[in-house]
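The tour below goes from one selection to the next.

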Amino acid sequence: MTESDLRTQATEIHEQFSDQLEVTVEEIEERLETLVNEYKVPTNEARRSVINTYLDEAGMDRDDLGGGGGNEHVDIAEIDSPEEWVDITAKVVDLWDATSDAVAQVGLLGDETGTIKFTKWSKSDLPSLEEGAVYNLRNVVTDEYQGRFSVKLNRTTTIEELDEDIEVGEDDVEIEGALVDIQSDSGLIKRCPEEDCTRVLQNGRCSEHGEVEGEFDLRIKAVVDDGADVYEVIFDKETTEELTGIDLEEAQEMAMDALDTSVVADEMTDKILGQYYSVTGPTFGRYVLANEVEQLREPADPEAVLIKARSI
Ligand SMILES: [Zn+2]
């Protein structure tokens, strides 16, 4: 996209709004430039987004432009491709800790059809979203990472809080695949006992509350590979017990005998690594939270069987 092309686009948009708004071609061009160069938005989408912004500012309707430029209002479950500019109406289901200064807010949005991760950029300069509130979000961009979709709130996004509630729909996924890795902090862990904290302790310390008397819990963070994608799956105490046949009491005894909690993760790893499972549960950001787990027989892959036979 050359500068003169952007200038042409800006001039065209300017003509559409020159009666309603005091905006210069340069300002429009700058908005287009930010979207195209900074956010890597395709030019036609950038154009559509900028037009939407000015429609809002002018209090005009899309129809006023005669077949021009608005976004489609979509259900969350409909979002299935990246780099689309869409409008959604959604409830803030959860807010997470932002891990980067570039991100002002990150969390989970939901509507009747399901949930989706959202990211709000720091430089977008938008008001804070409140957990539990419902918003009309116009001009958000879809994104995709490893087969899962998210939406980004950017400088052109408009946020309107609605006085209503939404019953957020379940969007369970089912994965069938091999459990190929078990991550650290799996097995017998200790959690912070402070109210509403439950952070996993590292060497007896909570990152928020310092040294505390932790409470034992079981969980497994695993990677499941279905042949097309890899998923990070979290098994809570119940599903971990089901998966490994080791319950919390047994795990604590094992750790006490060995004076070491890591024996539990080792034992669990022996039982489940390389096995095939069907896992069902909701997605939470990049994680699948396992609600149901069922061991599958290995697929009849002759080569795998042969390798197994040789290794006995
Ligand atoms: Zn804590």
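Start with Asn139, which is buried at a relative accessible area of 3%. Buried means under 20% relative accessible area, exposed means over 50%, and partly exposed lies in between (1.4 Å probe, protein chains only). Asn139 belongs to strand β5, residues 134-145. Check its backbone: phi is positive, about 70°, although Asn139 is not a glycine. Most residues other than glycine have a negative phi.

Before moving on, note the ground rules. This is a predicted model, in which local features need pLDDT of at least 70, side-chain atom pairs count only at pLDDT 80 or more, and totals for chains, interfaces and linings use all residues. Residues are numbered from 1 along each chain as its sequence is written, and side-chain values use heavy atoms, with hydrogens and water left out.

**Second stop: Thr198**

Select Thr198. It too has a positive phi, about 55°, and is not a glycine. Look for Thr198 in the loop between β8 (187-191) and β9 (205-206). Is Thr198 buried or partly exposed? At 46% relative accessibility, Thr198 is partly exposed.

**Zoom out: the whole chain**

Colour by secondary structure. The chain has 7 helices and 16 strands. These are DSSP runs numbered from the N terminus: helices are H or I with at least four residues, strands are E with at least two. The radius of gyration is 25 Å, well over the 20 Å that the globule rule gives for 312 residues, so the chain is more spread out than a compact globule. That radius is taken over C-alpha atoms, and the globule rule is 2.2 Å times the number of residues to the power 0.38. Turn to the principal axes: the C-alpha atoms fill a box of roughly 80 × 50 × 35 Å.

Now show the surface. Of the 312 residues, 42% are buried.

Draw contacts next, meaning heavy atoms within 4.5 Å. Take those between residues at least 6 apart in sequence: 57% of them join residues at least 24 apart.

**Charges**

Colour by charge. The chain carries 26 positive and 78 negative side chains, and the centres of the two sets lie 5 Å apart. Lys and Arg count as positive, Asp and Glu as negative; His and the chain ends are not counted. Each charge is placed at NZ of Lys, CZ of Arg, CG of Asp or CD of Glu.

How many salt bridges does the structure hold? There are 15. Each is a side-chain nitrogen of Lys or Arg within 4 Å of a carboxyl oxygen of Asp or Glu.

**Salt bridges, pair by pair**

Select Arg47 and Glu12. Their side chains meet in a salt bridge at 2.9 Å, N to O. Arg47 lies in helix α3 (residues 43-58) and Glu12 in helix α1 (residues 3-17), so the pair ties together parts 35 residues apart in sequence. Arg47 is partly exposed at 23%. Glu12 is partly exposed at 36%.

Go to Glu57 and Arg31. Here the salt bridge spans 3.5 Å, N to O. Glu57 in helix α3 and Arg31 in helix α2 (residues 25-38) are 26 residues apart, and the pair links distant parts of the chain. Glu57 is partly exposed, with a relative accessible area of 48%. Arg31 is partly exposed at 28%.

Next, select Lys152 and Asp143. Their side chains form a salt bridge at 3.2 Å, N to O. Lys152 counts as buried at 17%, whereas Asp143 is partly exposed at 28%.

**A linked set**

Select Arg7, Glu26 and Glu29 together. A network of salt bridges links these residues. Glu29 sits in helix α2 and is buried, at 10%. Glu29 and Thr8 are 21 residues apart in sequence and 8.8 Å apart in space, C-alpha to C-alpha.

**Last stop: Trp96**

Finish at Trp96, in strand β2 (residues 85-96). Trp96 is partly exposed, with a relative accessible area of 22%. Draw a distance to Asp236. The two C-alpha atoms are separated by 19 Å, and the residues are 140 apart along the chain.
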